[in-house]
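Let's walk through a structure together, one residue at a time.

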Amino acid sequence: MRTEEINIHNMVDSFTAEMLKGLESNTSSLRHDTTYIEADNKFKVDLPVLAIDAGGTNFRQLWLKVSSSGKLEITNIINNKMPGLEGEISKEESLTQ
């Protein structure tokens with residue numbers, strides 16, 4: 001694909017349309033996974049859960065717990081570079097990073 005052959009406006013429109021279809025739970029060419037918590041959900045209280053954020057350059061992990069009073073307790077925050085960021089790695093290498 002050569003840049004002079006790309007109509008960026010059409011590409012953005014097409015991508016946006018597919019993104020909106022997926023967000024509306026319709027069939028889309030883009031995979032959508034819900035990654036938010038609705039405000040009216042009941043949380044399990046006093047139960048530590050592992051939270052993971054696998055972003056573009058960072059891989060973050062932490063434990064969090066919601067107390068019965070609604071206070072959020074965050075512990076054991078670990079922030080690492082995303083495995084494979086500097087090049088392709090094997091499954092075995094990813095387990096040691």
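In which helix is Glu-18 found? Glu-18 is found in helix H1, residues 8-23. Before we go on, a word on where this comes from: this is a predicted model, in which local features need pLDDT of at least 70 and side-chain atom pairs count only at pLDDT 80 or more, while totals for chains, interfaces and linings use all residues. Residues are numbered from 1 along each chain as its sequence is written, and side-chain values use heavy atoms, with hydrogens and water left out. The helices (H or I, at least four residues) and strands (E, at least two) are DSSP runs, numbered from the N terminus.

Now back to our glutamate. Is Glu-18 buried or exposed? Glu-18 is buried, because its relative accessible area is 16%. For those new to this, buried means under 20% relative accessible area, exposed means over 50%, and partly exposed is in between, with a 1.4 Å probe and protein chains only.

What does the side chain of Glu-18 touch? It makes a polar contact with the side chain of Lys-21, at 2.7 Å. A polar contact is a pair of N or O atoms within 3.5 Å; within protein, one must be able to donate a hydrogen and the other to accept it, and residues adjacent in sequence count only if both atoms are side-chain atoms. A polar atom of the Glu-18 side chain also lies 2.7 Å from the backbone nitrogen of Ser-29.

A salt bridge here is a side-chain nitrogen of Lys or Arg within 4 Å of a carboxyl oxygen of Asp or Glu. Both residues lie in helix H1, three residues apart, and that is about one turn of the helix. Lys-21 counts as partly exposed because its relative accessible area is 33%.

How many salt bridges does a search of the whole structure find? That search finds four. Glu-73 is partly exposed at 39%, and Lys-65 is partly exposed at 24%.

On to the strands. Six bridges join strand E1, residues 49-54, to E2, and the two run antiparallel. Two strands pair if DSSP finds at least two bridges between them. Take Leu-50: its bridge partner in E2 is Trp-63. E1 and E2 form a hairpin with three residues between them.

How many bridges join E2 to E3? Eight bridges join them, and these strands run antiparallel. Here Gln-61 has Ile-78 in E3 as its bridge partner. This hairpin has five residues between the strands, and in it Gly-70 takes a positive phi near 90 degrees.

Let's stay in that loop, between strand E2 (58-66) and strand E3 (72-81), where Ser-67 is found. The side chain of Ser-67 makes a polar contact with the side chain of Ser-69, at 2.9 Å. Leaving aside its neighbours within four places in sequence, Ser-67 is in contact with Val-45 and Asp-46, where contact means heavy atoms within 4.5 Å.

That brings us to Asp-46, in the loop between H1 and E1. Asp-46 counts as partly exposed, because its relative accessibility is 45%. Asn-76 also has a positive phi near 55 degrees, and is a residue other than glycine. Asn-76 is found in strand E3 and is exposed, with a relative accessible area of 54%.

One last stop: Ile-6, in the segment before H1. Ile-6 is partly exposed, with a relative accessible area of 31%.
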